[in-house]
Amino acid sequence: MAYLIAANWKMNKTVAESIDYIKTFKELVRDLKDVDIMIAPSFTALSSVSSLISDTNINLGAQNMFYAEKGAYTGEISPIMLKELNVKYVILGHSERRHIFGEKDELINKKVHAAIEFGLRPILCVGETLEERELGKTKSVVERQIRSGIAGLEKEVSSIDIAYEPVWAIGTGVNATVEQAQEVHQFIRNLIHDISKGNDKGTRILYGGSVNEKNASELIKAKDVEGFLVGTASLDPKKFYEIILKSMEV
Ligand code: PGA
(Lines give C-alpha, C1' and ligand atoms only; values in the text may rest on other atoms or scores of the structure.)
Protein backbone atom coordinates (compact mmCIF):
# COMPACT_ATOMS: atom_id res chain seq x y z
CA MET A 1 0.00 0.00 0.00
CA ALA A 2 1.22 3.50 -0.80
CA TYR A 3 1.51 5.78 2.18
CA LEU A 4 -1.44 8.12 2.78
CA ILE A 5 -0.75 11.79 3.39
CA ALA A 6 -3.98 13.46 4.39
CA ALA A 7 -4.93 17.09 5.00
CA ASN A 8 -7.55 17.94 7.58
CA TRP A 9 -8.45 21.57 7.03
CA LYS A 10 -10.89 21.57 9.96
CA MET A 11 -13.11 24.68 10.05
CA ASN A 12 -10.83 26.71 7.78
CA LYS A 13 -11.07 28.14 4.28
CA THR A 14 -14.09 29.53 2.47
CA VAL A 15 -15.05 28.14 -0.92
CA ALA A 16 -13.02 30.85 -2.67
CA GLU A 17 -9.97 30.14 -0.51
CA SER A 18 -10.31 26.41 -1.09
CA ILE A 19 -10.41 26.91 -4.85
CA ASP A 20 -7.29 29.10 -4.74
CA TYR A 21 -5.44 26.51 -2.71
CA ILE A 22 -6.36 23.61 -5.00
CA LYS A 23 -5.33 25.51 -8.12
CA THR A 24 -1.82 25.94 -6.70
CA PHE A 25 -1.61 22.57 -5.02
CA LYS A 26 -2.67 20.42 -7.94
CA GLU A 27 0.16 21.79 -10.06
CA LEU A 28 2.68 21.10 -7.30
CA VAL A 29 1.70 17.46 -6.89
CA ARG A 30 0.75 16.59 -10.44
CA ASP A 31 3.76 14.32 -11.11
CA LEU A 32 3.81 12.55 -7.76
CA LYS A 33 3.15 8.83 -7.90
CA ASP A 34 3.19 6.00 -5.37
CA VAL A 35 1.65 8.13 -2.67
CA ASP A 36 -2.01 8.63 -1.78
CA ILE A 37 -2.87 12.28 -1.27
CA MET A 38 -6.11 13.30 0.40
CA ILE A 39 -7.65 16.66 1.24
CA ALA A 40 -10.61 17.09 3.57
CA PRO A 41 -12.06 20.59 3.14
CA SER A 42 -15.14 21.95 4.87
CA PHE A 43 -18.48 20.51 3.77
CA THR A 44 -19.37 23.72 1.96
CA ALA A 45 -16.24 23.50 -0.19
CA LEU A 46 -16.51 19.78 -1.03
CA SER A 47 -18.43 20.29 -4.24
CA SER A 48 -16.07 22.90 -5.75
CA VAL A 49 -12.97 21.02 -4.66
CA SER A 50 -14.42 17.81 -6.07
CA SER A 51 -14.81 19.32 -9.56
CA LEU A 52 -11.33 20.82 -9.48
CA ILE A 53 -9.57 17.57 -8.58
CA SER A 54 -11.61 15.17 -10.70
CA ASP A 55 -8.75 14.45 -13.12
CA THR A 56 -5.86 14.68 -10.66
CA ASN A 57 -4.00 12.46 -8.20
CA ILE A 58 -5.71 14.17 -5.25
CA ASN A 59 -8.40 12.27 -3.35
CA LEU A 60 -11.29 13.91 -1.60
CA GLY A 61 -12.05 13.40 2.08
CA ALA A 62 -14.76 14.53 4.47
CA GLN A 63 -14.09 15.54 8.07
CA ASN A 64 -17.11 13.80 9.53
CA MET A 65 -20.40 12.16 8.59
CA PHE A 66 -23.56 10.82 10.16
CA TYR A 67 -24.34 7.10 9.90
CA ALA A 68 -27.87 7.19 8.49
CA GLU A 69 -28.56 7.35 4.77
CA LYS A 70 -31.17 10.08 5.17
CA GLY A 71 -33.83 11.36 7.56
CA ALA A 72 -34.64 13.76 10.36
CA TYR A 73 -31.09 14.57 11.54
CA THR A 74 -30.88 18.35 11.36
CA GLY A 75 -27.46 19.60 10.46
CA GLU A 76 -25.97 16.24 9.56
CA ILE A 77 -24.42 14.93 6.34
CA SER A 78 -25.04 11.39 5.09
CA PRO A 79 -22.76 8.88 3.37
CA ILE A 80 -24.71 9.07 0.11
CA MET A 81 -24.32 12.86 0.03
CA LEU A 82 -20.57 12.35 0.26
CA LYS A 83 -20.54 9.59 -2.35
CA GLU A 84 -22.38 11.86 -4.76
CA LEU A 85 -19.43 14.29 -4.60
CA ASN A 86 -16.86 11.53 -5.18
CA VAL A 87 -15.63 11.66 -1.63
CA LYS A 88 -13.38 8.66 -1.02
CA TYR A 89 -12.21 9.02 2.59
CA VAL A 90 -13.98 10.07 5.74
CA ILE A 91 -12.25 11.10 8.97
CA LEU A 92 -14.12 9.62 11.92
CA GLY A 93 -13.67 9.97 15.65
CA HIS A 94 -11.30 12.92 15.42
CA SER A 95 -10.33 14.08 18.90
CA GLU A 96 -12.12 17.39 18.34
CA ARG A 97 -15.32 15.45 17.57
CA ARG A 98 -14.78 13.35 20.69
CA HIS A 99 -13.86 16.16 23.06
CA ILE A 100 -15.71 19.23 21.80
CA PHE A 101 -18.80 17.51 20.42
CA GLY A 102 -18.97 14.59 22.83
CA GLU A 103 -18.81 11.76 20.32
CA LYS A 104 -18.54 8.40 22.02
CA ASP A 105 -16.99 5.16 20.80
CA GLU A 106 -20.41 3.63 20.14
CA LEU A 107 -21.47 6.45 17.80
CA ILE A 108 -18.11 6.40 16.05
CA ASN A 109 -18.47 2.64 15.52
CA LYS A 110 -21.85 3.20 13.80
CA LYS A 111 -20.23 5.76 11.53
CA VAL A 112 -17.37 3.41 10.65
CA HIS A 113 -19.92 0.72 9.78
CA ALA A 114 -21.85 3.16 7.58
CA ALA A 115 -18.70 4.33 5.80
CA ILE A 116 -17.77 0.75 4.90
CA GLU A 117 -21.34 -0.05 3.85
CA PHE A 118 -21.44 2.90 1.48
CA GLY A 119 -17.96 2.40 0.06
CA LEU A 120 -16.17 5.24 1.83
CA ARG A 121 -12.78 4.57 3.40
CA PRO A 122 -12.78 5.55 7.08
CA ILE A 123 -9.78 7.09 8.78
CA LEU A 124 -10.48 6.20 12.39
CA CYS A 125 -8.73 8.62 14.75
CA VAL A 126 -7.52 7.53 18.16
CA GLY A 127 -5.24 9.00 20.78
CA GLU A 128 -4.76 9.71 24.44
CA THR A 129 -4.92 13.01 26.33
CA LEU A 130 -1.91 14.31 28.22
CA GLU A 131 -3.46 13.26 31.50
CA GLU A 132 -4.04 9.73 30.22
CA ARG A 133 -0.42 9.53 29.00
CA GLU A 134 0.90 10.73 32.32
CA LEU A 135 -1.19 8.12 34.11
CA GLY A 136 0.32 5.43 31.89
CA LYS A 137 -2.98 4.77 30.13
CA THR A 138 -1.94 5.49 26.53
CA LYS A 139 -2.17 1.92 25.28
CA SER A 140 -5.35 1.04 27.14
CA VAL A 141 -7.10 4.15 25.80
CA VAL A 142 -5.96 3.51 22.24
CA GLU A 143 -6.92 -0.15 22.52
CA ARG A 144 -10.41 0.71 23.74
CA GLN A 145 -10.92 3.28 20.97
CA ILE A 146 -9.80 0.82 18.32
CA ARG A 147 -11.64 -2.24 19.62
CA SER A 148 -14.91 -0.34 19.90
CA GLY A 149 -14.33 1.73 16.76
CA ILE A 150 -14.02 -1.34 14.55
CA ALA A 151 -16.27 -3.71 16.50
CA GLY A 152 -18.17 -5.94 14.10
CA LEU A 153 -15.79 -5.11 11.26
CA GLU A 154 -13.09 -7.66 12.03
CA LYS A 155 -13.20 -8.91 8.42
CA GLU A 156 -13.05 -5.40 6.97
CA VAL A 157 -10.02 -4.08 8.80
CA SER A 158 -8.05 -3.70 5.56
CA SER A 159 -10.67 -1.22 4.32
CA ILE A 160 -9.97 1.10 7.25
CA ASP A 161 -7.02 3.40 7.94
CA ILE A 162 -6.19 4.44 11.49
CA ALA A 163 -4.72 7.75 12.59
CA TYR A 164 -2.86 7.85 15.88
CA GLU A 165 -3.20 11.42 17.08
CA PRO A 166 -2.13 12.06 20.65
CA VAL A 167 -4.46 14.82 21.84
CA TRP A 168 -1.59 16.72 23.48
CA ALA A 169 0.16 16.95 20.09
CA ILE A 170 -2.77 18.27 18.06
CA GLY A 171 -2.40 21.92 17.15
CA THR A 172 0.12 22.49 19.91
CA GLY A 173 3.39 22.53 17.96
CA VAL A 174 4.57 19.68 20.19
CA ASN A 175 4.75 16.53 18.08
CA ALA A 176 5.31 13.04 19.45
CA THR A 177 8.92 11.94 19.16
CA VAL A 178 9.74 9.21 16.68
CA GLU A 179 10.12 6.78 19.60
CA GLN A 180 6.78 7.75 21.14
CA ALA A 181 5.01 7.43 17.79
CA GLN A 182 6.68 4.14 16.92
CA GLU A 183 5.80 2.59 20.27
CA VAL A 184 2.09 3.27 19.84
CA HIS A 185 2.04 2.53 16.10
CA GLN A 186 3.63 -0.86 16.69
CA PHE A 187 1.10 -1.54 19.43
CA ILE A 188 -1.74 -0.62 17.05
CA ARG A 189 -0.31 -2.80 14.27
CA ASN A 190 -0.14 -5.81 16.57
CA LEU A 191 -3.62 -5.11 17.90
CA ILE A 192 -5.31 -4.88 14.50
CA HIS A 193 -3.33 -7.88 13.29
CA ASP A 194 -4.83 -9.81 16.17
CA ILE A 195 -8.35 -8.47 15.77
CA SER A 196 -8.40 -9.14 12.03
CA LYS A 197 -6.66 -12.52 12.31
CA GLY A 198 -3.92 -11.26 10.04
CA ASN A 199 -6.08 -9.47 7.47
CA ASP A 200 -4.75 -5.99 8.19
CA LYS A 201 -2.35 -5.55 5.30
CA GLY A 202 -4.45 -2.85 3.64
CA THR A 203 -4.61 -0.72 6.79
CA ARG A 204 -2.27 2.23 7.05
CA ILE A 205 -1.49 3.66 10.44
CA LEU A 206 -1.05 7.42 10.11
CA TYR A 207 0.52 9.73 12.65
CA GLY A 208 -1.13 13.08 13.35
CA GLY A 209 -0.31 15.92 15.73
CA SER A 210 1.81 18.93 14.80
CA VAL A 211 3.30 17.31 11.70
CA ASN A 212 5.11 19.91 9.63
CA GLU A 213 7.63 20.19 6.82
CA LYS A 214 10.46 20.10 9.35
CA ASN A 215 9.60 17.01 11.40
CA ALA A 216 8.01 14.89 8.63
CA SER A 217 11.31 13.31 7.45
CA GLU A 218 12.11 12.14 10.94
CA LEU A 219 8.63 10.85 11.84
CA ILE A 220 8.17 8.92 8.61
CA LYS A 221 11.29 6.92 9.42
CA ALA A 222 9.44 5.16 12.22
CA LYS A 223 8.83 1.66 10.92
CA ASP A 224 5.09 1.59 11.56
CA VAL A 225 4.28 5.17 10.54
CA GLU A 226 2.62 4.80 7.14
CA GLY A 227 1.41 8.29 6.50
CA PHE A 228 0.27 11.48 8.14
CA LEU A 229 -2.90 13.32 9.03
CA VAL A 230 -1.95 16.98 8.93
CA GLY A 231 -3.94 19.92 10.28
CA THR A 232 -2.28 23.32 10.63
CA ALA A 233 0.60 22.74 8.19
CA SER A 234 -1.79 21.46 5.51
CA LEU A 235 -3.43 24.87 5.26
CA ASP A 236 -0.49 26.11 3.19
CA PRO A 237 -0.22 24.29 -0.16
CA LYS A 238 3.58 24.56 -0.32
CA LYS A 239 4.07 23.25 3.20
CA PHE A 240 1.70 20.37 2.61
CA TYR A 241 3.49 19.56 -0.64
CA GLU A 242 6.83 19.53 1.19
CA ILE A 243 5.44 17.15 3.80
CA ILE A 244 4.36 14.82 1.01
CA LEU A 245 7.81 14.96 -0.58
CA LYS A 246 9.50 14.22 2.75
CA SER A 247 7.21 11.28 3.38
CA MET A 248 8.33 9.79 0.07
CA GLU A 249 12.00 9.78 1.04
CA VAL A 250 11.79 6.44 2.85
P1 PGA B 1 -2.36 19.59 13.66
O2 PGA B 1 -3.74 18.78 13.54
O3 PGA B 1 -1.49 19.12 12.50
O4 PGA B 1 -2.71 21.02 13.55
O5 PGA B 1 -1.74 19.22 14.95
C6 PGA B 1 -3.74 17.42 13.24
C7 PGA B 1 -5.15 16.88 13.29
O8 PGA B 1 -5.93 17.26 14.17
O9 PGA B 1 -5.55 16.05 12.44
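Predicted model: local features only at pLDDT ≥ 70, side-chain atom pairs only at ≥ 80, totals over all residues.

User: Where is S210 placed, and does it count as buried or exposed?

Analyst: S210 belongs to the loop that lies between β7 (205-208) and α9 (216-219). The relative accessibility of S210 is 15%, and because buried means under 20%, S210 counts as buried.

User: Which backbone atoms does the side chain of S210 reach?

Analyst: The side chain of S210 reaches the backbone oxygen of A169 at 2.7 Å, while a polar atom of that side chain lies 3.5 Å from the backbone nitrogen of V174.

User: How many residues surround the ligand, and which are the closest?

Analyst: There are 13 residues around the ligand, and the closest are K10, H94, E165, G171 and T232.

User: Which atoms of H94, E165 and S210 lie 2.7 Å from an oxygen atom of the ligand?

Analyst: For H94 it is a side-chain N or O atom that is 2.7 Å from a ligand oxygen, and for E165 a polar side-chain atom lies 2.7 Å from an oxygen atom of the ligand. For S210, a backbone N or O atom lies 2.7 Å from a ligand oxygen. The ligand taken alone exposes 280 Å², of which the protein buries 98%.

User: In which pocket does the ligand sit?

Analyst: The ligand sits in the second largest pocket.

How values were computed
Residues numbered from 1 in each chain as written. Heavy atoms only, no water. Helix = DSSP H or I, 4+ residues; strand = E, 2+ residues; numbered from the N terminus. Buried < 20%, exposed > 50% of the residue type's maximum accessible area, 1.4 Å probe, protein only. Polar contact = N/O pair within 3.5 Å; in protein donor to acceptor, adjacent residues only side chain to side chain. Near = heavy atom within 4 Å. Areas by Shrake-Rupley, 256 points an atom, 1.4 Å probe, with all protein chains shown as cover. 1 Å grid on protein atoms, 1.4 Å probe; cavity = no way out; pocket = protein on both sides within 12 Å on 5 of 7 lines; lining within 4 Å. Sits in = over half its atoms within 2 Å of the grid points.
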